Amino acid sequence: MTGPALRYDGVSVGYQGTAVLTHVDLDVRAGQRLALVGPNGAGKSTLIKSVLGLVPVLAGQASVLGADPSAARGQAGYVPQTDTLDADFPVSVRQVVMMGRYRRIGWWRPARAADRRAVAEALDRVGLADRAGHRFGTLSGGQRQRVLLARAIASEPRLLLLDEPFNGVDAVSQDEIVRVLRELSAGGAALVISTHDLGVARDLADVVCLLNGRQWAVGAPSEVLTAEKLRMTYGGHVVDVADGQMMLVEP
Amino acid sequence: MSWWDDALHRAVAEVVLAGALAGLIGVHVVVRRLSFFTMALTHATFPGIVLASIIGVNIMLGGVVAGGIVAVGVVALTRRRGQDASAATGVLLSAGFALGAALVATQSGFSRDLSSFLVGSILTVGTQDLVVTAVVLVVVAVGLTVGARPLLQIGFDRSGAQAAGLAIGRWDLLLLLTIQVVVVTMVPAVGTILAVSLIVAPAAAARLWSDRLPVVTALSIVFAVGSGLVGLWISSRWNVAAGASISLTATAVLAASWLPARLRTAVVRLPVAPAGRA
């Protein structure tokens with residue numbers, strides 16, 4: 001594919017005709033990592049859902065994998081926030097990762113050896129091969145996030161959207177997730193990662209997009225993650241600390 | 001005289017079929033936390049059946065239509081933001097029952113039939129009931145097998161299932177209507193009100209014994225069929241109402257499963273191992 005994996009021109013998205021997020025301009029290409037940064041309620045999840053075709057585009061031009069978002073539904077990989085999952089559900093880690101293969105297998109046909117191999121490899125890549133038989137809900141928050149990442153890997157997406165993948169994740173799992181995400185983009189996948197962790201955005205992303213009700217800035221981390229632009233986005237609750245690092249403070 | 005001419009033999013066949021059906025759908029009811037909804041369905045089915053019997057149409061049809069209205073209503077309410085589905089379900093539950101009672105009061109000499117709708121009358125099950133239960137069992141078993149993956153993904157991860165392209169609203173409705181058909185099918189065996197115990201208790205008990213869905217399903221069917229047979233035996237041995245003894249047996253299975261499960265969890269939790277938790 002030569003065109004962008006994701007392209008938004010002056011897009012507004014929202015529910016029932018009311019815009020939640022406006023003025024979004026994005027251009028994400030194969031191998032790029034885009035971080036969506038903003039406070040809670042900024043519209044990060046809504047933007048991701050619009051790419052998945054689950055929230056309508058109200059204005060502007062949106063193209064996902066070369067098609068309209070609603071037509072591209074089911075094509076992009078998606079890692080939801082772990083707290084939206086049913087942790088009591090009797091489903092094994094292996095079954096969760098196999099869900100990533102459903103689109104290839106079909107909803108009805110039995111899994112083949114290639115699918116089982118892909119599942120085993122994906123679990124191996126996130127370092128959880130030994131947990132395949134465990135129930136998903138028995139794992140820690142970081143491990144659950146890595147299982148969902150393995151599910152996304154198993155689906156071999158060209159565009160992968162991750163909603164707050166570092167929420168409630170310990171340092172070991174965070175490093176593991178960052179490593180795997182770098183590998184995925186090196187393999188040609190385009191990644192969109194929502195986070196409110198400025199440090200992760202700075203370290204991981206090629207492009208950072210600042211959001212809060214609208215898009216306030218987009219560009220390289222060094223250009224966008226500045227005190228001035230962050231203050232603009234967060235409404236003044238940002239202070240400079242040593243070594244050019246930013247810190248958000250509650251009002 | 002053929003084997004089927006004996007009322008007790010027909011009752012045995014009916015509890016085996018209805019038990020398998022209840023155990024099968026019960027797993028979905030329990031893992032999707034639809035027990036309360038199923039309770040509401042059983043109560044809403046009651047006025048439908050009463051009305052059907054008053055106007056002289058097939059009572060199963062009446063039950064399916066009444067329950068179908070509730071199922072559609074609950075799906076519509078849960079799709080509305082900010083609506084508390086459990087409040088609406090609770091209101092529908094008692095309103096349905098009240099409507100059924102009101103309808104019964106308009107008829108004289110109706111109370112004997114009334115109790116058979118509420119708690120079943122398995123010893124009067126006819127060949128037609130058996131055929132209907134068998135057909136519904138086959139259709140539901142095939143449907144749940146074919147829909148296993150979508151149902152698994154929607155139950156575990158709704159937003160992921162939606163992103164994967166599944167029409168979750170339609171699947172929800174299909175599942176709720178399937179539960180409704182099962183409830184109505186079980187009316188001759190255990191009645192509308194007691195159906196919920198044979199659907200929920202064996203599956204809830206099975207869930208305590210395993211984390212693996214195929215094992216839970218198999219155990220749920222075994223517990224439900226077993227409760228039906230044991231309940232029927234108790235009923236004929238001590239001359240108590242069959243629907244009641246079947247329900248109480250299913251409840252006893254759940255109670256008996258709960259204690260070992262609690263003990264097992266307590267034992268597993270004793271040696272707390274911080275190592276390996278990443």
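**Close-up views of a predicted two-chain model**

**Figure 1. Right-handed crossing of helices α1(B) and α10(B).** The crossing of these two helices, α1(B) and α10(B), is right-handed. The model shown in this and the following views is predicted. Helix α1 spans residues 7-31 of chain B and helix α10 spans residues 187-209 of chain B; their axes come within 7 Å and cross at roughly 55°. The arrangement of α1(B) relative to α10(B) is therefore oblique.

**Figure 2. Residues in the contact of α1(B) with α10(B).** On the α1(B) side, the contacting residues include B:Glu14, B:Ala18, B:Gly19, B:Ala22, B:Gly23, B:Gly26 and B:Val30. Among their counterparts in α10(B) are B:Pro188, B:Leu198, B:Ile199, B:Pro202, B:Ala203 and B:Arg207. By class, the residues of this contact comprise 15 nonpolar, three polar and two charged.

**Figure 3. Contact between chain B and chain A.** Chain B contributes 22 residues to the contact, and chain A contributes 24 residues. On the side of chain B that touches chain A, the elements giving two or more residues are α7 (148-156), α8 (158-163) and α11 (213-238) of chain B. Helix α7(B) supplies the largest share of that side, six residues. The side of chain B that touches chain A consists of 10 nonpolar, six polar and six charged residues.

**Figure 4. Hairpin formed by β1(A) and β2(A)****.** Strand β1 (residues 6-15) and strand β2 (residues 18-28) of chain A pair in the antiparallel sense, over seven bridges. A:Tyr15 stands opposite A:Thr18, a residue of β2(A). Two residues lie between the strands of the hairpin, and A:Gln16 in the turn has a positive phi of about 45°.

Technical notes. Residues are numbered from 1 along each chain as its sequence is written. Chains are lettered from A and ligands numbered from 1 in the order in which they are written. This is a predicted model: local features need pLDDT of at least 70, side-chain atom pairs count only at pLDDT 80 or more; totals for chains, interfaces and linings use all residues. Axes are lines fitted to C-alpha atoms, for helices over the stretch in contact, and angles run from 0 to 180 degrees between N-to-C directions. Helices (H or I, at least four residues) and strands (E, at least two) are DSSP runs, numbered from the N terminus. Angles under 35 degrees count as roughly parallel, over 145 as roughly antiparallel, 65 to 115 as roughly perpendicular and the rest as oblique. A crossing is left-handed if the near helix is turned anticlockwise from the far one by less than a right angle, and right-handed if clockwise. Two residues are in contact if their C-beta atoms, placed from the backbone, lie within 7 Å. Ala, Val, Leu, Ile, Met, Phe, Trp, Tyr, Cys and Pro count as nonpolar, Asp, Glu, Lys and Arg as charged, and the others, Gly among them, as polar. Two strands pair if DSSP finds at least two bridges between them.
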